[in-house]
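This report describes strand pairing and helix placement in one structure. Please examine the sequence and the model shown below.

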Amino acid sequence: MTQQLELNAWINSSGSANDSWQRPDLPLDRIFSLDYYVDNARIAHRGGFSNIFMSDRPQLLINENTRPEQTFDPFVIFAAVLSQVPDIGAIVTASTTYGDPYTMARQLQSLNLLTNGRIGWNIVTSWHPEIAANFSADDLPDRAARYSKAEEFVEVVHKLWDSWQFPWNGKAEGENPFYGDVKPINHHGHYFNVAGPLNLPSPSWGRPKIVQAGGSGDGVALAARYADYVYAPSGSLEGSRAFRAELRDAALALGRPNNSLPKLMPAISPIIRSTDAEVECYKRDRLAASPVTEKDIEQLAGVLGVDLKRTTADKILSASDFQDVSQSVIPVGVVRARRTVALDNGLSLRGLAEVEKLPGLIATPDGIADHLISWWQSGAADGFTISPRYLPDDLEQFVDEVVPILQRRGVYPLSYDTRTKDAA
């Protein structure tokens with residue numbers, strides 16, 4: 001357990017709810033405005049968040065049940081936002097499947113220097129098959145090939161970050177005393193051949209923070225080697241605790257010291273109501289408005305790898321009911337989290353489908369705080385990624401009503417001045 005829990009804020013688009021964009025009281029074009037993202041970042045800053053975070057998928061999906069979730073290039077929007085909002089860090093998402101390591105190293109080091117160390121990189125390998133067509137490719141490589149390339153990609157980026165050690169203290173020796181220690185990397189690998197060095201030096205505070213979200217064996221291996229933060233669906237408390245232990249054990253096995261192990265930051269969508277009665281009323285209304293259908297059960301079975309010919313919708317699920325889904329396009333971490341919710345709570349497919357009809361953590365401010373503290377104290381999380389369903393409303397309500405409770409209970413910093421700077 002870390003000394004105090006951390007919070008990151010997911011600020012994509014209009015929020016995580018599909019109906020968050022088309023709201024009668026707000027203009028549609030707000031999500032294409034810099035001021036909108038600056039305002040959200042300022043709310044997170046007021047709440048003492050370590051980082052703002054954006055997922056990214058370079059494709060536009062249009063249908064009546066969704067919103068433009070990934071729009072601005074994360075590098076560009078966060079460069080603009082951090083120029084106006086102090087203290088808080090930002091995590092950009094960028095793919096190793098459709099990127100170039102020299103360009104990536106240069107972009108990230110640029111932001112690292114320009115923001116005084118307030119930048120991080122969420123490493124993704126891209127999972128949606130339609131992305132390939134936007135990068136002159138016929139098909140998305142399989143998961144094993146994507147992670148194999150990612151390992152080498154991240155290795156090259158780290159080599160490039162370390163290739164120029166500038167004399168920040170004004171003292172240097174050797175052939176290039178004004179430049180400091182500059183060395184080509186001369187990397188020759190399976191996927192990349194990169195000479196280096198990078199044309200930006202490593203700053204005195206070190207490299208950007210690394211974030212990873214994969215829950216597969218390959219994802220855990222990548223996170224164990226490089227990650228400072230691991231983003232994950234929340235799943236169950238026991239499942240999250242087991243996943244955190246797996247990450248930490250894998251990192252320790254690679255020789256990482258105890259004080260630099262990956263921090264697990266599960267995603268939480270808080271839905272705050274004033275009283276317990278309002279909480280129960282919201283849940284009842286939500287389930288009444290959207291009852292579980294047979295189609296819901298069929299879709300859930302497909303995602304989890306449950307054969308409905310062998311397992312009925314009302315049978316309590318066991319681990320033996322789950323078949324291999326490693327070739328599915330759905331991220332393994334998502335499947336893993338949903339399975340643990342069923343197993344640890346003794347749910348059937350129908351029961352799990354009903355739980356998933358509730359779109360977040362529904363509780364009073366004290367109830368939300370109790371949940372976060374319980375997970376943190378139980379070793380199931382080092383902090384949380386707050387994923388507001390409606391921006392900026394839900395983020396502002398969380399900052400105004402939940403953060404003060406966490407601070408009063410002594411588990412969350414009172415200000416940026418009272419914490420050890422370890423944000424991206």
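## Strands β2 and β3

Asn-51 stands opposite Gly-89 in β3. The two strands concerned, β2 (residues 51-53) and β3 (residues 89-95), are parallel and share three bridges; strands count as paired if DSSP finds at least two bridges between them. Strands (E, at least two residues) and helices (H or I, at least four) are DSSP runs, numbered from the N terminus.

The model is predicted: local features need pLDDT of at least 70, side-chain atom pairs count only at pLDDT 80 or more, and totals for chains, interfaces and linings use all residues. Residues are numbered from 1 along each chain as its sequence is written, and side-chain values use heavy atoms, without hydrogens and water.

## The barrel

Eight strands, in the order β1-β2-β3-β4-β9-β10-β11-β14, close into a barrel with parallel pairing. On average, neighbouring strands of this sheet are turned by 30° against each other, direction ignored; axes are lines fitted to C-alpha atoms, for helices over the stretch in contact (heavy atoms within 4.5 Å), and angles run from 0 to 180 degrees between N-to-C directions.

Helix α3 (residues 101-114) lies across β3 and β4 (119-124), at about 155° to β4.

## Strand β11

All six residues of β11 (residues 263-268) are buried, that is, under 20% relative accessible area with a 1.4 Å probe, protein chains only. Lys-263, Met-265 and Ala-267 point one way, and Leu-264, Pro-266 and Ile-268 the other.

Strand β10 (residues 229-233) runs parallel to β11 and is joined to β11 by five bridges; Pro-233 has Ala-267 as its bridge partner. On β14 (residues 383-386), which pairs with β11 over two bridges, Ile-386 stands opposite Ile-268.

Technical notes:
Buried means under 20% relative accessible area, exposed over 50%, partly exposed in between (1.4 Å probe, protein chains only).
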